[in-house]
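Visitor: Could you walk me through this one? I'd like to go through it question by question.

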Amino acid sequence: SENYQALNTILPKFKEKVQTIYIDPPFNTGNDFDYVDRFQDSTWLTIISDRLNLAKDILYKRGNIFLHLDFNADFYGRMLLNDVFGRENFSNEIKWYYTNKIPDTRKQSFTNSFDVILAYAKQYNDKLFNWLFEKRDKPIKVSKMKKEKGKKIYLKGEDGKGLYEVRTERTMDNIWQIPLLHAQPEIIEFKTQKPEELLRRILACSTNANLLVLDFFAGSGTTLAVAHKLNRKWIGVEMGAHFDNKILPRMKEVLA
């Protein structure tokens, strides 16, 4: 379905029931890819704004929305999300850094090597959020301690020496280094296909098992594939030939 019509159609049944929305819309580049992306700024703003307003009604009170853009429209996206969801519900600006981007030396400018994912909550103070962790390059020893009356007390063993734990992980920050898809098994020859690892992190930090995920710019179906693998319920909306020749074959493999 065309996604504006689809959102209006599912709204009565799914109002305030979707935990996480991720969308990867056209980036307002002025070019055509697998999507038509020749929109002028005002048209693009209207298209995305109309859909964000419907998305807000579908989103659960503890829900999160992630809007994926690049330098062509990230500033517009921030303004739209501030307007629809409120500045107070801004959660984060995640930078997806492509670790294997090929430098473009033809232009007198630095090569762009990251996308921006804007994260907002329906209600920031009540949102569902799970910490993500990444491995440290070098494990570190950390003193064990407890707090009493607000003071830190370092624990010691029977021999009087300090007690330590070895930490091999640290909490993840908002710079996510994930390679672009080139020869990975998941690639299905869709120009704007996103890596499954990117969506795995987004859904892992914002959902728990059996919660509902929505992507109404489904594209190559990455959100749906990852949601299913993580045991989340999902709704995907897409139209055009790639619904039949990209998404359906991919999801049949995932289901199998």
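Visitor: Which residue is the bridge partner of E148 in β7?

Guide: This is a predicted model, where local features need pLDDT of at least 70, side-chain atom pairs count only at pLDDT 80 or more, and totals for chains, interfaces and linings use all residues. Residues are numbered from 1 along each chain as its sequence is written, and side-chain values use heavy atoms, with hydrogens and water left out. Strands here are DSSP runs of E with at least two residues, numbered from the N terminus, and two of them pair if DSSP finds at least two bridges between them. β6 (residues 145-148) runs antiparallel to β7 (residues 151-154) over 4 bridges, and the β7 partner of E148 is K151.

Visitor: Which residue in the turn of that hairpin has a positive phi?

Guide: β6 and β7 make a hairpin with 2 residues between them. The positive phi, about 50 degrees, belongs to K149.

Visitor: Why is the pair of F129 and W131 called edge-to-face?

Guide: Rings of Phe, Tyr and Trp (its six-membered ring) pair if their centres lie within 6.5 Å; planes under 30 degrees apart are stacked, over 60 edge-to-face, the rest tilted. By that rule there are 6 aromatic pairs. For F129 and W131 the centres are 5.1 Å apart and the planes sit at 80 degrees, so the pair is edge-to-face.

Visitor: Is W131 buried or exposed?

Guide: Buried means under 20% relative accessible area, exposed over 50%, and partly exposed in between (1.4 Å probe, protein chains only). F129, at 42%, is partly exposed. W131 has 58% relative accessibility, so W131 counts as exposed.
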